[in-house]
Amino acid sequence: MANVSQPVQVGQIGTGDRIFLVQFSVPASAAAGTTLTGTIFPYGYDDGSNFTAFQVPAGIRYSMVDLYVNAAPQTDGQLAFYLNGVKQGENFVLSSIVVGNTSRSKPSQPIILTEGATFTVKLTLLAAAPSTAYTQNLLLHFIATPA
């Protein structure tokens, strides 16, 4: 009997959901107004690939359709999204995107990341951080399509 090998997916061949984890390392006692750049994990936390400026690979396009945090933030902050270094119109306050809140804020339109685009997420603290450093997680929901 011959060995059967399965082909490996080398590109986006159809539409699919992708969840990007973004982590912000909030230093102890950071002042209100401090801006932090998030670390983006587009391929999962366990993959080891992370970026402060994620460049979209060739052959794929991402549309950010939702975002959320799993619990109320320790320190509230405002998010900003940068596409190729240009701040985008959508900005959210962390406390308004808690997943359990039935009236949480959602994007009014998708942020489109085309192949080769660079994407960065920043968080500006609206109050002083507690005296202990912590990590704030953010989840971004994208629809991925072939470019």
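Mentor: Let us begin with R104, which is placed in the loop between strand 7 (86-87) and strand 8 (111-113). Strands here are DSSP runs of E with at least two residues, and they are numbered from the N terminus. This is a predicted model, in which local features need pLDDT of at least 70 and side-chain atom pairs count only at pLDDT 80 or more, while totals for chains, interfaces and linings use all residues. Residues are numbered from 1 along each chain as its sequence is written, and side-chain values use heavy atoms, with hydrogens and water left out.

Trainee: Is R104 buried or exposed?

Mentor: Buried means under 20% relative accessible area, exposed means over 50%, and partly exposed lies in between (1.4 Å probe, protein chains only). R104 has a relative accessibility of 15%, so it counts as buried.

Trainee: Which side chain makes a polar contact with the side chain of R104?

Mentor: A polar contact is a pair of N or O atoms within 3.5 Å; within protein, one must be able to donate a hydrogen and the other to accept it, and residues adjacent in sequence count only if both atoms are side-chain atoms. The partner of R104 is the side chain of D66, at 2.9 Å. Contact in general means heavy atoms within 4.5 Å. Beyond its neighbours within four places in sequence, R104 is in contact with residues including D66, Y68 and V98.

Trainee: How does one read a sheet?

Mentor: Strands of a sheet pair through backbone hydrogen bonds, either parallel or antiparallel. Two strands are counted as paired if DSSP finds at least two bridges between them. Here an open sheet of 5 strands has the order 3-1-10-5-8, with antiparallel pairing. Its edge strands are strand 3 (39-41) and strand 8, each of which pairs on one side only.

Trainee: How many bridges join strand 5 to strand 10?

Mentor: There are 8 bridges between these antiparallel strands. Y68, a contact of R104, stands opposite L139 in strand 10.

Trainee: Where does Q23 lie, and which residues does it contact?

Mentor: Q23 lies in strand 1 and is buried, with a relative accessible area of 17%. Its side chain forms a polar contact of 3.1 Å with that of N137. Leaving aside neighbours within four places in sequence, its contacts include G38, F41 and Y45. Q23 and G38 are 15 residues apart in sequence, with their C-alpha atoms 5.3 Å apart in space.

Trainee: What is a nonpolar core?

Mentor: The term means a set of buried Ala, Val, Leu, Ile, Met, Phe, Trp, Tyr and Cys residues joined through side-chain atoms within 4.5 Å. The largest one here has 34 residues, of which Y62, L79, F81, V121, L138 and L140 touch the most other members. Strand 10 gives the most to this core, with 5 residues. Leaving aside neighbours within four places in sequence, V121 is in contact with L79, F81, L138 and L140, among others.

Trainee: Which loop holds T75, and what is its relative accessible area?

Mentor: T75 is found in the loop between strand 5 and strand 6, and it is buried at 2%. Its side chain makes a polar contact of 2.9 Å with the side chain of Y134.

Trainee: What is the phi of S29?

Mentor: S29 has a positive phi of about 55° although it is not a glycine. It is placed in the loop between strand 1 and strand 2 (35-37).

Key
Helix = DSSP H or I, 4+ residues; strand = E, 2+ residues; numbered from the N terminus.
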